[in-house]
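This report describes selected features of one model. Look through the sequence and the structure before reading on.

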Amino acid sequence: MTLGIGAGYRHVLDHLKHLQAENPDFYYATQGNEEFAPTNIFWADAASRANYSCFWDAITFDTSFHIHQCKIPFASFTGLNHHGQPVLFGCALLFNESNAAYIWLFQTWLEAMSGKHPISITTGPGRYVQMAVAQVLPASRHRYCMWSIFRETEDNLAFVYQSYPTFETEFRKCVDESERVEEFESRWESLMGQYCLTDNEWLRSMHTARHQWVPVYMRDTFFGELSSTKRIDGRNSYFYGFIDATTTVEVLIEQYEQAVASWHEKELKADDDTTKTTPVLKTSSAMEKQAANIYTRKTFMKFQEELVESLVNSATEIEDSGAIITYHVAKSGAENKAHIVKLNSVERNAMCSCQMFEFSGIICRHILTVFRAKNILRLPAQYIHHRWSRKAKIVAGMDHNTLSVAGTARELSTLRYNKLRQEAMKFVEEGAKSVHAYKFAMTAMMEAAKKLNAEKHQADEARHGSIMANGGTHSHGRIEPKPSQSTEEKIKKIQELRAELERTYQQSRVYQTSLLEVLKDIEDHKLILSMKVHDARLVLGG
């Protein structure tokens, strides 16, 4: 262990301890004895845990530090939010790599995420990672990172890449552009024969593992990808530009926090674009208007692309079995690229051979073509994926009373964080619209902060008095009061706290209503001024 690594490790560990002391929802854990030598560390802040509760379905585990020869063994768990942006679910420093280390890491991460398993996980093809995923997340669909596969193929077939410059292009087309299993298998066999690679051990092993990396085999599972554009260099998209091969342990936390702040700002901007601007509609379809009001801007643009493309496709009925009608859907002049759509017209439920909805959560152009043919004018509820909607971060069925009485302490804390963040962002957005609104908002927030601090101080004093009255003692820095309250007294106290929470909530609603009234007055005043300016211009022009 070098002095630099040891000092940097201690700095990271001390900082994580400080963050956990400030916020109990900040989670960190170490493997082994942290006092004697750098050991493996995992951490996830409150925002990461809250985001996972909304976007848990598809995750990526990134260990590209191996490939880019980084100075620090940094790994991360990420996903995609409702804007299609990278979102963080936790980080790790793996100073000691082994099968046991990766199993510990995945188990620790899963515990921090309240034990909720993702639908799918994308990783590099490393042996330790494979074993850890199989043991800890056996029900999650495991996919190998496409870029990692292409890179390892180039390393293992260097002689082929040098001898046959066209091989790489043909190989990528075979993998990326095959839309049916039969098409992929035919292209693969042809490619192997063309370049005399039928007996190549590397390619044979990759073909054996094709169900874990070739897209056509993965489309029946949700991976949440809105774009077909793949990363060309394998760098971690969340930390790209912040953590690289030159980053040291000493500056890791600073770079990590800069990345978190940067993506937070980008999410706020995407929220702003979604709520404050209106997308340009390209059709007169009621379904397009419906989608524009439901989806975030990025998601809507993807839906709009599919909707517009559906207008140049046609659906031909090829079988009617009563409950299910089968259609042949294709663009004029491209019948060889046709897809099959099966529609249950009673339930308005359809399945397409392209499996785009299953893979990305966005309805495809082929099903939209059939919907148009059957005069289905609005998007059925089952095709509106909540995780892509504007309300993706709103926890269904949760109100301010529910958030104080149901679930585990960790789950409730995460839910409260989400709810408070949502309401705070609405407040900030409205308060930033004008100087008057800003002053009003600042006054309201300072008043609320004073009340919150007073409540906290009162609760601390009550707890301290209870401890002293019950002969509490200190043991290793922890206060251990003796239980004295009866069940009835505890229930009464809970009811009192609920009532106080309700009063606080109602007060916040009053502040919100007042703020909106001020904003309305501002807008009315702006309209009057605009009309006066317009009239003045007419007079001057005359």
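## A parallel strand pair

Strand β6 (residues 120-123) and strand β7 (residues 141-144) run parallel and are joined over 4 bridges; strands pair if DSSP finds at least two bridges between them. Thr122 has Arg143 in β7 as its bridge partner. Together with helix α4 (residues 127-136), β6 and β7 form a right-handed β-α-β unit. Right-handed means that, with the strands pointing away from the viewer, the path from the first strand over the helix to the second runs clockwise. Helices (H or I, at least four residues) and strands (E, at least two) are DSSP runs, numbered from the N terminus.

The model is predicted: local features need pLDDT of at least 70, side-chain atom pairs count only at pLDDT 80 or more, and totals for chains, interfaces and linings use all residues. Residues are numbered from 1 along each chain as its sequence is written, and side-chain values use heavy atoms, with hydrogens and water left out.

## Helix α15

In helix α15 (residues 365-373), the buried residues are His366, Ile367, Leu368, Thr369, Val370 and Phe371. Buried means under 20% relative accessible area, exposed over 50%, and partly exposed in between (1.4 Å probe, protein chains only). These buried residues pack against several elements, including α12 (286-294), α13 (297-310) and β8 (313-320); contact means heavy atoms within 4.5 Å. Just after α15, Asn375 has a positive phi of about 60°.

## Cysteines

The structure has 0 disulfides, a disulfide being a pair of cysteine sulfur atoms within 2.5 Å. The closest cysteine sulfur to that of Cys352 is in Cys354, 3.5 Å away, which is too far for a bond. Cys352 counts as buried because its relative accessibility is 7%. Cys145 is also buried, at 15% relative accessibility.
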